[in-house]
Amino acid sequence: MPSLSSLRDFSRSLEPRAQLTLVLSLLAVAATAFGIYHFASQQSYSTIQTGLSPTSANRVASALSSAGVPYKLENGGTSVAVPEGKVNDAQVALGSAGLSSGGHPDLTQMNTGSLSSTAFQQQVNYQIGLEGQIANTIEGIDGVDSAEVQLVLPKDQLFQDQSSQATAAVMLTAPMGLDASTVRGIAHQVASSVQGLDPQNVTITDQTGALLWPNGDAGGGAGGMPSKLQAEQTYAAQVSSQVDALLTRTLGPGKAEARVNVDLNVDQTETNSTTYDDSQPPIQLQGTKSSEKLKSNGANPSGPAGTPSNIPGYTGGSASNGNSDYSNTQSSTTNGVNTTQTHTVVAPGTINRMDVALMVDQSVPAAQVAALKTAVESMVGLDPSRGDTLNVASLKFASPAAAGGGAKGGPLAVLGGDPFSLVKKIGAAIAVLVLLFLVRRNLKRREDDPVAPEPKWLREIQQTTPLAELSAPAPVNDLVSVRRKEMQATAEEIVRKNPDQVAMQVAQWMSE
């Protein structure tokens with residue numbers, strides 16, 4: 001290895017232009033090495049899903065965090081990217097959670113064809129593109145994670161009675177569920193996208209195979225009234241997603257998580273009530289009045305009761321005064337009272353009880369946990385009077401990188417654990433070595449190139465002389481050679497003592 005003095009002498013022996021070239025080359029090598037190392041040390045991410053709503057992005061982030069896959073949100077939270085080495089793990093995790101998104105080929109990708117394609121191939125390509133176009137449109141609806149569309153397009157027939165109707169089958173993946181109006185809108189949207197397709201010929205099912213459209217029940221256009229379990233799961237998932245979005249936006253991903261359990265009353269009831277208002281005087285609706293009088297003047301025969309008094313000619317009784325005066329008056333009044341009759345239909349969905357579990361990482365301060373508890377209570381509408389509860393637990397969350405798999409302490413653990421990152425680092429090191437080799441070879445070639453032709457006297461001085469010739473007595477005719485040797489020794493001594501001055505003098509001679 002060359003010493004410091006030899007490097008200093010080498011730098012002094014170079015011309016100023018060569019020294020400047022050497023310094024610039026070293027700076028270029030250092031900058032290139034730093035740039036290559038900086039690029040190689042950065043983690044390369046690959047986008048796996050785009051065009052997500054905030055709710056869908058939160059569900060995707062939760063699924064990736066649960067599977068231990070690192071991720072980052074891009075484009076304002078509408079896209080999710082994972083490291084290149086974790087793409088397969090991310091797809092498996094999202095597929096297990098029912099959040100996978102497969103890109104459907106649409107009509108824009110079917111505009112290329114060849115002259116040799118047949119009419120059947122063109123029809124098949126058109127149907128595939130139309131199915132993908134409709135599926136992409138449905139996936140843009142809020143609450144729909146993925147959609148698969150299958151169309152049956154009839155062939156054109158000469159006679160109308162021989163033609164068949166178009167049909168469509170749609171399978172939706174909507175973990176949070178869809179209401180009746182949304183499913184009805186999807187059915188009409190599919191029917192309007194296909195020529196000759198009637199909405200009643202569209203079959204829509206969810207990821208569990210439950211029929212959403214059409215349904216024979218006239219009361220519901222999307223599978224009728226949902227069951228109690230489905231309604232509770234849908235509502236709990238919506239509330240949990242909203243709370244998780246708040247926690248992620250406040251604390252960051254992987255810091256807190258909420259789960260909601262709700263008891264709903266899905267019974268539809270009707271209530272009739274009548275209210276009387278006695279604050280006002282009664283109103284007479286109907287009134288009747290009758291009066292009866294009777295007056296009589298005459299004798300009233302009297303006698304003992306029985307048969308003798310009824311025999312003609314019986315005079316055994318006594319007569320009395322028969323005057324009478326009878327009077328009777330009757331009246332009837334029907335009054336009206338202000339009444340209010342109410343007919344109320346109580347829709348299903350009343351909350352009987354709600355339980356919220358909030359899990360927070362230990363790294364979150366206690367004051368922030370208390371503030372989050374108050375915010376979550378107001379957000380979900382917690383009502384202690386009906387028995388609602390909110391439990392907060394502070395736990396140590398598992399690190400996503402540690403849970404991502406891979407044996408600790410393996411041969412790749414020291415180098416980052418990612419084969420792609422290891423290959424990039426090795427490539428960067430090889431590039432730096434090749435660059436250094438090229439620079440060194442260029443400098444070596446410049447060093448070997450003669451700057452000026454070597455003078456004749458210098459070649460004579462550098463010629464070797466045998467030791468026997470130096471010890472033998474010099475003849476008279478060799479005085480000139482002896483004098484030359486003395487001059488050579490003197491010149492070497494001067495060069496050894498003052499190399500800088502000698503170099504400057506030689507440069508001045510060459511310039512002259």
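This is a predicted model: local features need pLDDT of at least 70, side-chain atom pairs count only at pLDDT 80 or more; totals for chains, interfaces and linings use all residues.
Trainee: How do I read a sheet, and in what order do the strands stand here?

Mentor: Strands of a sheet pair through backbone hydrogen bonds, either parallel or antiparallel. Here four strands form an open sheet, in the order β4-β5-β6-β7. The pairing is mixed.

Trainee: Which strands are at the edge?

Mentor: The edge strands are β4, residues 146-152, and β7, residues 211-213. Each of them pairs on one side only. Direction ignored, neighbouring strands of this sheet are turned by 25° against each other on average.

Trainee: In what sense do β6 and β7 pair?

Mentor: Strand β6 covers residues 197-205 and pairs with β7 in the antiparallel sense, over two bridges. Look at isoleucine 204: tryptophan 213 in β7 stands opposite.

Trainee: Now the helices. Which elements of the sheet does α6 touch?

Mentor: Helix α6, residues 180-193, packs on the sheet and touches β5, β6 and β7. Its direction makes about 130° with that of β6. Helix α5, residues 119-139, lies across β4 and β5 (166-173). The angle between α5 and β4 is about 145°.

Trainee: How far does α6 reach from its first C-alpha to its last?

Mentor: α6 has 14 residues and reaches 20 Å, close to the 20 Å expected at 1.5 Å a residue.

Trainee: Which residues of α6 are buried?

Mentor: Take buried as under 20% relative accessible area. The buried residues of α6 are then Val183, Ile186, Ala187, Val190 and Ala191. They cover an arc of only 130° around the axis, so they sit on the same side of α6. What covers these residues includes α5, β5, β6 and β7.

Trainee: What should I look for in a core?

Mentor: In soluble globular proteins, nonpolar side chains tend to be buried together. The largest nonpolar core in this model has 23 residues. Ile138, Val190, Val202 and Ile204 touch the most other members. The elements that give two or more residues to this core are α5, β4, β5, α6, β6 and β7. The largest share, five residues, comes from α6.

Trainee: What does isoleucine 138 touch?

Mentor: Leave out residues up to four places away in sequence. Isoleucine 138 then touches Val144, Ala147, Val149, Val170, Leu172, Ile186, Gln189 and Val190.

Trainee: Which residues does the second core include?

Mentor: This separate core has 22 residues, among them Val239, Ala256, Val260 and Leu390.

Definitions and conventions. Residues are numbered from 1 along each chain as its sequence is written. Side-chain values use heavy atoms; hydrogens and water are left out. Two strands pair if DSSP finds at least two bridges between them. Axes are lines fitted to C-alpha atoms, for helices over the stretch in contact, and angles run from 0 to 180 degrees between N-to-C directions. Contact means heavy atoms within 4.5 Å. The expected span of a helix is 1.5 Å times one less than its number of residues. Buried means under 20% relative accessible area, exposed over 50%, partly exposed in between (1.4 Å probe, protein chains only). The arc is that of the directions from the helix axis to the C-beta atoms. A nonpolar core is a set of buried Ala, Val, Leu, Ile, Met, Phe, Trp, Tyr and Cys residues joined through side-chain atoms within 4.5 Å.
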